[in-house]
Amino acid sequence: MLLLTFKHVIADFVLQTSWMALGKDQKKGWALPLLAHCLVHLAVAMALILIVAPRFWFVAVIDFLIHITVDRAKGFCSANLGINHEHPWFWTLIGVDQALHHLTGFGLSIFMAAN
């Protein structure tokens with residue numbers, strides 16, 4: 001869990017550029033920034049998992065697929081419901097997004113620990 005939390009902090013905050021963060025939540029042109037952002041998650045997860053537990057390499061792919069789905073849902077809500085930094089639901093949307101990402105890490109950690 002700590003490893004996947006570390007991965008999330010690095011990929012979601014340290015390595016995410018403004019182009020990714022703002023672009024993935026747009027009504028048009030969201031696909032490339034979203035893909036780039038989620039590929040960063042895939043790369044960091046894959047590197048860490050290959051070092052610690054290489055037989056679970058596929059967990060990085062699962063994390064990527066879940067991450068791109070969650071972030072697209074958040075971006076869709078942001079773009080189509082007008083939820084920007086001035087909207088009262090902005091921080092709720094960010095909180096739900098982050099909670100889903102952390103629950104993903106928790107679930108994947110349980111899977112790896114049980115196997």
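**Exercise 1: the nonpolar patch**

Task: In this predicted model, find which residues make the nonpolar surface patch of about 560 Å², then look at how Phe106 sits in the structure.

Solution: 
- Step 1. Pick out the members of the patch: Met1, Val96, Leu100, Leu103, Phe106 and Ile110. Together they make a nonpolar surface patch of about 560 Å².
- Step 2. Zoom in on Phe106. This residue belongs to helix α5, which covers residues 90–114.
- Step 3. Is Phe106 buried, exposed or partly exposed? Its relative accessibility is 47%. Buried means under 20% and exposed means over 50%, with partly exposed in between. So Phe106 counts as partly exposed, because its value is 47%.

**Exercise 2: the cavity**

Task: Work out how many cavities of 30 Å³ or more there are, and describe the lining of the largest cavity.

Solution: 
- Step 1. Start with the count: there is 1 cavity of 30 Å³ or more.
- Step 2. Check the space inside. The largest cavity holds about 80 Å³.
- Step 3. The lining is made up of Met1, Leu4, Thr5, Lys7, His8, Asp63, Ile66, His67, His101, His102, Thr104 and Gly105. The elements giving two or more residues to this lining are α1 (2–14), α4 (57–81) and α5.
- Step 4. Sort the lining of the largest cavity by class, and you get 3 nonpolar, 7 polar and 2 charged residues.

**Exercise 3: the pocket**

Task: Describe the largest pocket: what is its volume, and which element gives the largest share of its lining?

Solution: 
- Step 1. Take the volume, which is about 490 Å³ for the largest pocket.
- Step 2. At least two residues each come from α1, α2 (18–23), α4 and α5. The largest share belongs to α5, with 6 residues.

**Exercise 4: an alanine in α1**

Task: Decide whether Ala11 is buried or exposed, and find how far apart Ala11 and Ala43 are in space.

Solution: 
- Step 1. Read its relative accessible area, which is 0%. The cut-off for buried is under 20%, so Ala11 is buried at 0%.
- Step 2. Compare sequence and space. Ala11 and Ala43 are 32 residues apart along the sequence, and their C-alpha atoms are 9.0 Å apart.

Terms used. Residues numbered from 1 in each chain as written. Predicted model: local features only at pLDDT ≥ 70, side-chain atom pairs only at ≥ 80, totals over all residues. Heavy atoms only, no water. Patch = residues over 30% accessible without salt bridge, like charges linked within 9 Å, V, L, I, M, F, W, Y side chains within 5 Å. Areas by Shrake-Rupley, 256 points an atom, 1.4 Å probe, with all protein chains shown as cover. Salt bridge = Lys/Arg side-chain N within 4 Å of Asp/Glu carboxyl O. Helix = DSSP H or I, 4+ residues; strand = E, 2+ residues; numbered from the N terminus. Buried < 20%, exposed > 50% of the residue type's maximum accessible area, 1.4 Å probe, protein only. 1 Å grid on protein atoms, 1.4 Å probe; cavity = no way out; pocket = protein on both sides within 12 Å on 5 of 7 lines; lining within 4 Å. Points joined across faces, edges and corners; volume = space filled by probe spheres on them. Nonpolar A, V, L, I, M, F, W, Y, C, P; charged D, E, K, R; others polar.
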